[in-house]
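Please look at the structure first and then read on.

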Amino acid sequence: MNPITEEISLFLISLSFVYFAKAFGGSYMKSSVTQIERRFDIPSSLIGVIDGSFEIGNLLVIAFVSYFGAKLHRPRLIGIGCLIMAAGAFLTALPHFFQGQYVYETTLSHIPEENSTESILPCLANTSHLVINDLSTAATCEKEAGSSMWIYVFLGNMLRGIGETPVMPLGVSYLDDYARKENTAIYLACLQTVGILGPVFGFMFGSFCAKIYVDIGSVDLESISINHKDSRWVGAWWLGFLVSGFLMLLAGIPFWFLPNTLAKQCKSPKVEPEQGSFLPEDNTEEDAPQPVTMAAMAKDFAPSLKRLFSNKVYLLIILTSVVAFNGFIGMITFKPKFMEQVYGQSPSKAIFLIGSMNLPAVAVGVIVGGLVMKRFKLSVLGAARLSIVSSFLSFCLLLIQYFLQCDNSEVAGLTMTYQGATEVSYQQESLLSQCNMGCSCSLKHWDPVCARNGITYASPCLAGCQTSTGVGKEMEFHNCTCMQELKGGLMAPPTNMSAILGQCPRKSDCDRMFKFYMAVTVLGAFVSACGGTSGYIVLLRSIHPDLKSLALGMHTLIGRTLGGIPPPIYFGALIDRTCLKWGLKRCGGQGACRFYDSHAFRITFLGLVYCLYGLANLLWGVLYLQLSKRQKKLELRTKPQYIGRNWSLFVKLILLLDLFDQSPDIFTILSMLLMQYSIYKIPMKYSSHVSYYE
């Protein structure tokens, strides 16, 4: 094998492993957010800041790393980044080893012992035990909730963001500089495919760790009275960060031994010159290479930014990417909740299906898109057409999802009345009825029970249940008087007036609808991913080579700033407006939403996605028109230097004949015009090295 090919292959394999490791760590962090929130007892707003610290760390240094890193030893900078990411992962897990054992909140004081024959009386019991009414307990709760140990998680996640900065811009530009141009697309497809496999394993490992108790090895698991489905459960969130840090250490080793520069791979004789070219801006000239010094680089930074952002095509790519990122980030962030609320799936199952079905479809789509680029040797315009078709078809598949809906869960007082009529209510008072008016029930808590007729009640007390049998998960409530209100209503009352813990499952037709939904989303993920590589090629071929790393870095910077941070905020804010029942925090105050109006949730969620992806498709059309315009200018600019020279000769011959009073006959003029036309049609000798950038 050619030594150059071996070095490129080694770099590609090493970079692919880094892509996998960083994607694994990032997806594991997403899957562990709930566990971290429970372990440190912090509000959701603060956990959002911790989750966003990765983007903050990335934004702090990406512009400078992208610009200065392109002039320095790129492989070693990537190795340094891997080392920083590993340190961040270990720092994130560090609080577990300094904190004491996790003590979960329990209400065993009002639950009978296992051997006791005493029964709980939900309706008649004083429910004040559910509210923290002891000042010392409340003070202790606030002190624990304000624990500063979460700062280590914040800093560790920020370090991961800083370390991830050089990987994409420097790695991709290094590949593009020293690989054959026709191979760049398939190399990028390999990177993106391996990068997608990282989240698959990250989500799976996160699901595995969530089922392991946080203090495993130091406590007797038999003494733990809750399971992984309980909202108080905290899994072994720290374990995945140790694995992620170890992977990053391994991934960074090869980059310390790779050279700064490589010889360019030989061009394939069958490759058309258009594919490896890039579109120049008007009046752009190639500069001769200059000696590199830090002072010169710093001085040239502002002019380079000006050159970059004066590129209309690049600005359109940035704008299109930001809009598309907003739609994608917002959709992927709340997709598990969408599947949970609209189709009645559990959070763990939703994440499992995303990791096992959607993400592999994306991986296959990316590699197929790269193969199409390589097989048909698509030009910049061809790559843009592939991206547009892919984006439009995936948008059509998104529109189909609007018609794949399920009915709201039947919850008395929220989505239906106690008499059985369908009626959505956002008022807490609607949870009260004549059957539970004398029970002194709390309206703030969500402790659902499922009646035998498939109706869910917000709590045993609100169901009017008089007695109970069993303990723990096997507890069953009897003589629930609110079920009698169905008499004479729209639904017949059940013969058995009992209920069990938990929310009632959805109707059977919802499971069938969910299968159609998954089929459409998997197909949509595949189609959308087919245009990912070609879109990247359009970006790479639309910028000057010496601005490539800076352009990729600024693309990532702006994409993360405007497309990564805001979407979860405004998506979440609008989705929260569809909440029907809010939970209660340990120390009082409004907690997380427990139950949504699924119809309003679906319209809000899909409406936002449709608006953003529709706008992105329009911008793709504008971008394609701009690329076509540049292509035509390029074709015209390469021919006048030949054509103009011959027209000049034509005029001179006419003047020369006129000087000697020899008027040219029609045959002479036609001959010269024919010569001019033939020269116009002959392909340019040096068109193979015409630049194709803008």
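**Overall picture**

The model is predicted. The protein chain has 694 residues, and 49% of them are buried. Its secondary structure comprises 21 helices and seven strands. Among contacts with a separation of 6 or more, 80% are between residues 24 or more positions apart. The chain exposes about 33300 Å², and carbon and sulfur atoms account for 64% of that area.

**Salt bridges**

How many salt bridges does a search of the whole structure find? The search finds four. Three of them are listed here.

| Glu164 | Lys22 | 3.2 Å |

Glu164 forms a salt bridge with Lys22. This pair links distant parts of the chain, since Glu164 is in helix α7 (residues 150–164) and Lys22 is in helix α1, 142 residues apart. Glu164 has a relative accessibility of 5%, so it counts as buried.

Glu164 and Arg560 are both buried. A network of salt bridges joins Lys22, Glu55, Glu164 and Arg560.

Glu476 belongs to strand β4 (residues 476–478), whereas Arg452 is in the loop between β1 (449–451) and β2 (456–457), so the bridge ties together parts that are 24 residues apart in sequence. Arg452 counts as partly exposed because its relative accessibility is 44%.

**Surface patches**

Which residues make the nonpolar surface patch of about 950 Å²? Phe17, Ile80, Leu83, Phe90, Phe246, Leu249, Leu250, Ile253, Trp256 and Phe257 make this patch. Two elements, α4 (74–93) and α10 (237–252), each give two or more residues to the nonpolar patch. Phe17 lies in helix α1, which spans residues 3–31. With a relative accessible area of 31%, Phe17 is partly exposed.

A positive surface patch is made up of Arg180, Lys374, Arg375 and Lys377. Of these, Lys374 is located in helix α13 (residues 347–376). Its relative accessible area is 32%, so Lys374 is partly exposed.

**Two single residues**

Is Ser598 buried or exposed? Ser598 counts as buried because its relative accessibility is 1%, under the 20% cut-off. Ser598 lies in helix α19, which covers residues 598–638. Not counting residues up to four places away in sequence, Ser598 touches Gln341, Val342, Cys406, Asp407, Asn408 and Arg506.

Ala210 is found in helix α9 (residues 181–210). Leaving aside neighbours within four places in sequence, Ala210 is in contact with Gln35, His228, Trp233 and Gly235. The C-alpha atom of Ala210 is separated by 9.4 Å from that of Ser348, although the two residues are 138 residues apart along the chain.

Technical notes
Residues numbered from 1 in each chain as written. Predicted model: local features only at pLDDT ≥ 70, side-chain atom pairs only at ≥ 80, totals over all residues. Heavy atoms only, no water. Helix = DSSP H or I, 4+ residues; strand = E, 2+ residues; numbered from the N terminus. Buried < 20%, exposed > 50% of the residue type's maximum accessible area, 1.4 Å probe, protein only. Contact = heavy atoms within 4.5 Å. Patch = residues over 30% accessible without salt bridge, like charges linked within 9 Å, V, L, I, M, F, W, Y side chains within 5 Å. Areas by Shrake-Rupley, 256 points an atom, 1.4 Å probe, with all protein chains shown as cover. Salt bridge = Lys/Arg side-chain N within 4 Å of Asp/Glu carboxyl O. Lys, Arg positive; Asp, Glu negative; His and termini not counted. Charge placed at Lys NZ, Arg CZ, Asp CG, Glu CD.
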